[in-house]
Amino acid sequence: MSEEVSHSFGPFIFPEAKILILGTFPSPKSREQGFYYGHPQNRFWKAVSAVLQECEPLTLTDKESMLVRNKIALWDVIERCEITGASDSSIKNPVPTDIAEAINGTDIKKIFTTGKTATKLLKNLQGIEGEYLPSPSPANCACGLEELITCYKVILEYIK
């Protein structure tokens, strides 16, 4: 059943960030935890920590510290929408976040999107081109963890 849901936590953006990684909209588990990529089967933290050659962060404090250390900001393309569970394909009536305002005054030079829906919505709703990264969602069975890690290595050229 579709329900109208608003983003329940803000962007993780700070002035020294060099890249912004955007998802589509937080899953129910992420909204429950109050932070990005919170579903235990989501592979975002595994992939990014492997790319950065760091231990996978398990706590919110560890996740935030890893992001700040590596100058990575996180947010989502959508502020509010109608959605069924965590299914990007069910999104209706999306209301975009204000990416341009959020990155004003930061060192962000590159925007990445996790998944085809985030990439498409960023372009269609905001006229911004994001560089596509495969979705780390457990629903993306076509892309294994090793392939995710390989694809996500592109972030290194912007943060190192």
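Helices (H or I, at least four residues) and strands (E, at least two) are taken here as DSSP runs, numbered from the N terminus. The model is a predicted one, in which local features need pLDDT of at least 70 and side-chain atom pairs count only at pLDDT 80 or more, while totals for chains, interfaces and linings use all residues. Residues are numbered from 1 along each chain as its sequence is written, and side-chain values use heavy atoms, with hydrogens and water left out.

On this basis the protein contains seven helices and seven strands, and their order along the sequence is β-β-α-α-α-β-β-β-α-β-α-β-α-α. The radius of gyration, taken over C-alpha atoms, is compared with a globule rule of 2.2 Å times the number of residues to the power 0.38. For 160 residues a compact globule would have a value near 15 Å, and the 14 Å found for the protein agrees with this. Along the principal axes, the C-alpha atoms fill a box of roughly 40 × 35 × 25 Å.

Where contact means heavy atoms within 4.5 Å, residues 24 or more positions apart account for 62% of the protein's contacts with a separation of 6 or more. Residues are called buried under 20% relative accessible area, exposed over 50%, and partly exposed in between (1.4 Å probe, protein chains only); by this criterion, 44% of the 160 residues are buried.

With Lys and Arg counted as positive and Asp and Glu as negative, and with His and the chain ends not counted, the protein has 17 positive and 20 negative side chains. The centres of these two sets lie 4 Å apart, the place of each charge being taken as NZ of Lys, CZ of Arg, CG of Asp or CD of Glu.

A disulfide is a covalent bond between the sulfur atoms of two cysteines. When such a bond is defined as a pair of cysteine sulfur atoms within 2.5 Å, a search of the whole structure finds zero. The closest cysteine sulfur to that of C143 belongs to C151 and lies 5.5 Å away, which is too far for a bond. C143 is buried, at 4% relative accessible area, whereas C151, at 29%, counts as partly exposed.

K109 is placed in the loop between helix 4 (99-103) and strand 6 (110-114), and is exposed, with a relative accessible area of 69%. Although K109 and A17 are 92 residues apart in sequence, their C-alpha atoms are 8.8 Å apart in space.
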